[in-house]
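Good morning, and thank you for coming.

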Amino acid sequence: MEFVDRLTPMLERYTELPDAFEGNYAFIWDHKGRSICHPRHHSIAGYDAVSGDPQVPWLEEHIYEEWQDSGKSYADFIEDAPTFQAQSNSKKPAAELTRRGLVGLDCRYLNFAPQCTGWFDLTKNGGSGSFRIPWSGLWKLNTAAAIPYYTGQYGKSPRGFGFVAVGAGLEDFHRPAMGTQATLENLVEGTDKELSALAEDTYQAIGQNLWQTAMRLSASTAFMSVLVILVAIWMASVFTRRIAQMVRGISRFRAGERQFRFHAPVKDEMGALSDSFDGLADSLVDSDKGPLSIVDLSGNLVYMNEAGLALIGKRLEDVVGRPYAENTIFPPGTSFCPLECLARGVEPEVLLHNDRYYQGHAEKLTDGQGVATGHLVHTADVTAIIEEQKRIEQQRALLEAIFVNSPDILWYQDSEGNYQAVNPRFASLVGKTPEQIRGLPSSAVFPPEEAARAQANFRAAIESRVPLYTEEKVSFADGHTEHMDIVRLPRFNAKGEVLALLGVARDVSQRVAVEKELRHIQTELEAACVTANKASEAKSSFLARMSHEIRTPMNAIIGMVNIARKKLHAGGPPDELLTCANQIEISSRHLLGLLNDILDISKIEAGRIELSEDSFALHKLVDSVENIIRPRCDEKNITFTVSVEGLEDAPYLKADSLRLRQVLINLLGNATKFTPELGKIHFRVRQEDKREGERLVSFLVRDNGVGISDEMLKTLFQPFEQGGSHISRAYGGTGLGLSICKSIIEHMGGKISVTSAEGKGSDFSFALWLKEAKNSPEEEARPGASPVKLAGKRILLADDVEINRIIVIEQLSHLGLDIDQASDGTEAVAMFAESPENFYDLILMDLQMPKMDGYAAAKAIRAMDRPDAGAVPIVALTAYAFKEDVDLVLASGMNGHLAKPLENDKLMEVLETLLRKDRDSRPAT
């Protein structure tokens, strides 16, 4: 109490501390934390008037040193400098910047002013608030508020224009603190003196009390020591007897009496220890789940647990002291008996007993000195193990069968790449046996190049730690190759370490071949599709041109017919009607030419074009071509020249003169079409070579017309192509002529070629080997022929179209013929059957008629039982003009073929030929 009374006046002096919070200061910061207003306005941050860069603010010493070491300008350095970095009043401002004085304040880099972080955090989302921070061991109050100005460039900042910070002034804050410190120091010094005097008195009092206590304790201790010794002697005697009993019990348990227990009646400490031993013994006995027997050195049973008794079906009292050989499932004297196997040092065999598998195990039982006192015999039920071994063996046999007989290539490599197992299919790959390959690396199995590839794939699978799939072409030792899908599977242990690699390769040669064929077919189909699309586009364009080409002459024909009809009604002069007829004939022949071109290209595309061989005079063929082309040239004032060179000694040649004439007219017609007025065209025929019975004759058509571009030359001879739609619009035509010419020349054994330049004209040329002919065409056709008199001859005309009959009758009206008409095949057959023998001299038979067509009618007439039925000439009239149509006509028993529209010259030629034969074959009357 005296100490407390003396301490109270000292504590009361602490109430006299002065107020430490008399001065305040304020800042205004912008939204980034830079000072824009300060009581010491010289510290306002600014910008360099020359460069425009921000001036250096008052920096924390560490930031300043980093800036100086970087060698950068302040503007570049500060872009990446961290802000508000562990601010603490233990840090110092840069001394150099403090010395300069005129520096700006930037809240983000004043790491020696921790209040900056508080201001910035308070105002980052707007609003206001206050907080306290410890400064020099005392708390300092600070307040900050955001300045709302959410427009313009400050619209994105929650601080708006910036914020205001207010706090106690530093100098004012420290002044009362320093005064308080002096007061405290005086107080502490006086208190120390008083406490020292008080402590000295206290130490003296404590010393006296300790001496008195020590004397009293010494006497008590002597008495207690004697008493403790007496008690200890008594307790030692008791403990010794109890411990001796426990040792004897433990020895009995150790010797094999596992049924021994203490069952202590007194539950003191030794009783608890005995109970613990009994529990431990129970645990040890229970831990042997399988049958257990303990046998002494005489071979008698000392103990058998419940599992062992259950196995042999006996009680413990029935077996203790009895021979082990009489109380076990293992027959004595066999390799199954554990005790005998232990004596021989071998492992007992597994015994099948009551559909279960058992295996015994014996070990010596020793005392504390290691002297053998008996044997422990364990019996283990190994049925599950044996069954698992059988299952594993079956799986192993199955896997081995699969591995050996698999059609796939299988292998197993260790982590170093050495082959640990390969199947026979793998061995056939390299011409070795699986045993020869086992343990070898790739370099010892494959040739160098294949070994390097195998090793690279092995490393790729191991390093990637995922299956590696490849498709490779593999060569076998016997020389054949296979395409294979190969997968390499890395294998891992429980720690994720690579153990080995399993490889499987399957023959996919058939699949690869099918895929290759499919790709080839797909390519062909795509090409065919492109070709078909182009052909479709070309044919569509061709049909449009054909519509124009056909409608043009049809318009002329219909128009001229209407004009002729008006002039007839008006009684116009005959020369005007003749002009209309001429125009109709010209347009009709043009239209027929178009149809013939279409028929020709159809036969060419079907591969059915056939050429005849007749004798002709080359100079006459040239003259006929010239006579057709020259009027067209004269209309355009084109200079047309013709020359025949080196063929004076070969007046007659053999070829299909009509087809040759067709080609020349087509080439010269094109030259005329594409040569402007006042242009030039030259047609040259020249002998280039000769051999026995043959002449090589070249044909050249040259013009100085519009020419052909390189792009157009690529498709010039393709059907339906005409060098672009602008050519068709400007010059007309179907685009079939040159394709027909090319095909005819190739069938005649030649090859047509063209050289051209756009705007400079074109040269078309070809050469043919032509056979020499001995006779003129007229001599071969009708040697010694005389004109045939047709007047009075009777003709049967069969056609279901009346206008066709009228045309034929009108064409033959000037010959004095008698013509009977039939409207179909049935009527024609009836008229012939009802007529007298040799009544009709010739029959003109249309092929397409109702009821009975011309083919059936001709066969019916030929089948009649009368002499003139097989002799009367029958001529087919049809619009079918292909050679196969002619062949079908002749096969049906007819003698000739005339294509519609009928040409008067050909009609007269057929009549004269057939009626002459008919006259010559008939007997004179």
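Asp48, Asp53, Asp76, Glu79 and Asp80 together form a negative surface patch. A patch here takes residues with over 30% relative accessible area and no salt bridge, like charges being joined within 9 Å; a salt bridge is a side-chain nitrogen of Lys or Arg within 4 Å of a carboxyl oxygen of Asp or Glu. This is a predicted model, in which local features need pLDDT of at least 70 and side-chain atom pairs count only at pLDDT 80 or more, while totals for chains, interfaces and linings use all residues. Residues are numbered from 1 along each chain as its sequence is written, and side-chain values use heavy atoms, with hydrogens and water left out.

Asp80 counts as exposed because its relative accessibility is 64%, where exposed means over 50% and buried under 20%, with a 1.4 Å probe and protein chains only.

Ser442 is also a loop residue, placed between helix 13 (434–437) and helix 14 (448–464). Is Ser442 buried or exposed? Its relative accessibility is 2%, so Ser442 counts as buried. Leaving aside neighbours within four places in sequence, Ser442 has contacts with Gln413, Gly417, Tyr419, Ala451, Ala454 and Gln455, contact meaning heavy atoms within 4.5 Å.

Finally, the whole chain: the protein chain has 27 helices and 27 strands, and 36% of its 925 residues are buried.

Technical notes. Patches are made of residues with over 30% relative accessible area and no salt bridge: like charges are joined within 9 Å, nonpolar side chains (Val, Leu, Ile, Met, Phe, Trp, Tyr) within 5 Å. Accessible areas come from the Shrake-Rupley method with a 1.4 Å probe; for residues, only the protein chains shown count as cover. Lys and Arg count as positive and Asp and Glu as negative; His and the chain ends are not counted. The place of a charge is taken as NZ of Lys, CZ of Arg, CG of Asp or CD of Glu. Helices (H or I, at least four residues) and strands (E, at least two) are DSSP runs, numbered from the N terminus.
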